[in-house]
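This report is written for a reader new to the structure. Please keep the sequence and the model in view while reading.

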Amino acid sequence: MIVLIHTSKVMRATPSNNRALTTPMLRESAEELADHLRTLSVEQLATVMEISPALATKTRALLADWGVEPDRQSPAIDSFAGDIYSGLRACDFSEGDRAYADQRLRILSGLYGILRPHDAVRPYRLEMGYRLPDRRYADLYDFWGDRIAACLPPQGAVVNLAAAEYHRTVTRFLARERFVTPRFLTVHPKTGEPRFVVVHAKIARGAFARWLLTNRVDEPEAITEFAEIGYRHDPALSRPREPAFVCKEFEGKGLSVRLHEQR
């Protein structure tokens, strides 16, 4: 059973701690994209990515520093710092957990296409939905085609915890019945109705991936046993291949810097 998540905008360069790093499966394509991105001006980056000139300047510096030299790389699983990764908490995985994750966890990326946890990466900024100026890269879904999906096993369940912007790169090419896509809902304190809360759901996806990996859950039927950070399976709200998990009180605030600061 494969677990799919996606990258985050926030990245950090981290030491490999002498762990052997692997080469991203689609690295040549990543180098091609990076070469094109380096041709864009600060103004073009700001427009394409809908970011401020200051952030575009930082992004251009990241691209200038991007490379594939072994001594400048970090493990992918340690390099992203968004809410999904707050829930995943890979920093305290055991070596056994990391080895298992390397076999089961895949990270969808705009620049690299798809990553394994110990694939070597450098910080960058490129979301899958960006439309770049050159016609060859104007639609990254066309650029990647079915190459990302081809990196997944030909059989077996895929637990889809990635955002739609990213999972479109694989769901278009694999049989629909292979995918299990959990939904995470939070009960509204006033109405009592379960609703989708973006930050909660992102952290929950990471926590769910962590639970699957650290408990070696390998059967789709077992995933309804998830009971972390306040969530419980709700059969009434579940759909075929879309199990719903509901929390009355979200218990993952301490995992997110953003939510922690709001307390």
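## Basis of the model

The model is predicted; local features need pLDDT of at least 70, side-chain atom pairs count only at pLDDT 80 or more, and totals for chains, interfaces and linings use all residues. Residues are numbered from 1 along each chain as its sequence is written, and side-chain values use heavy atoms, with hydrogens and water left out.

Helices (H or I, at least four residues) and strands (E, at least two) are DSSP runs numbered from the N terminus.

Of the 5 residues of β1, 5 are buried, where buried means under 20% relative accessible area, exposed over 50% and partly exposed in between (1.4 Å probe, protein chains only). In a regular strand the side chains alternate between the two faces of the sheet. In β1, Ile2, Leu4 and His6 are on one side and Val3 and Ile5 on the other, and both faces are covered.

Two strands pair if DSSP finds at least two bridges between them. With strand β6 (residues 158-160), β1 pairs in the parallel sense over 3 bridges, and Val3 has Val159 as its bridge partner there. With strand β3 (residues 105-109), the pairing of β1 is parallel over 4 bridges; here Ile5 is the bridge partner of Ile107.

## His6

His6 belongs to strand β1 (residues 2-6). It counts as buried because its relative accessibility is 9%. Apart from residues up to four places away in sequence, His6 touches Ile84, Tyr85, Ile107, Leu108, Leu161, Ala162, Ala163, Tyr166 and Arg205; contact means heavy atoms within 4.5 Å.

The side chain of His6 also reaches the backbone nitrogen of Ala163 at 3.1 Å. Although His6 and Gly110 are 104 residues apart in sequence, their C-alpha atoms are 9.1 Å apart in space.

## Gln73

Gln73 is placed in the loop between α3 and β2 (74-75). With a relative accessibility of 9%, Gln73 counts as buried. A polar atom of its side chain lies 3.2 Å from the backbone oxygen of Glu69, and the side chain of Gln73 reaches the backbone nitrogen of Val121 at 3.4 Å. Beyond its neighbours within four places in sequence, Gln73 is in contact with several residues, among them Thr14, Leu21, Gly67 and Ala120.

## The sheet with β8 and β11

An open sheet of 4 strands has the order β9-β8-β11-β10, with mixed pairing. Its edge strands are β9 (194-195) and β10, each of which pairs on one side only. Strand β8 (residues 183-187) pairs with strand β11 (residues 244-247) in the parallel sense over 4 bridges; Thr186 has Cys247 as its bridge partner in β11.

Helix α9 lies across β8, β10 and β11 and runs at about 130° to β8. For such angles, axes are lines fitted to C-alpha atoms, for helices over the stretch in contact, and angles run from 0 to 180 degrees between N-to-C directions.

## Two positive phi angles

Most residues other than glycine have a negative phi. Glu50, which is not a glycine, has a positive phi of about 55°. Glu50 sits in the loop between α2 (42-49) and α3 (53-65), and counts as exposed because its relative accessibility is 74%.

Ile229 has a positive phi near 40° and is likewise a residue other than glycine. Its place is in the loop between α9 (198-214) and β10 (231-233). At 13% relative accessibility, Ile229 counts as buried.

Key:
Polar contact = N/O pair within 3.5 Å; in protein donor to acceptor, adjacent residues only side chain to side chain.
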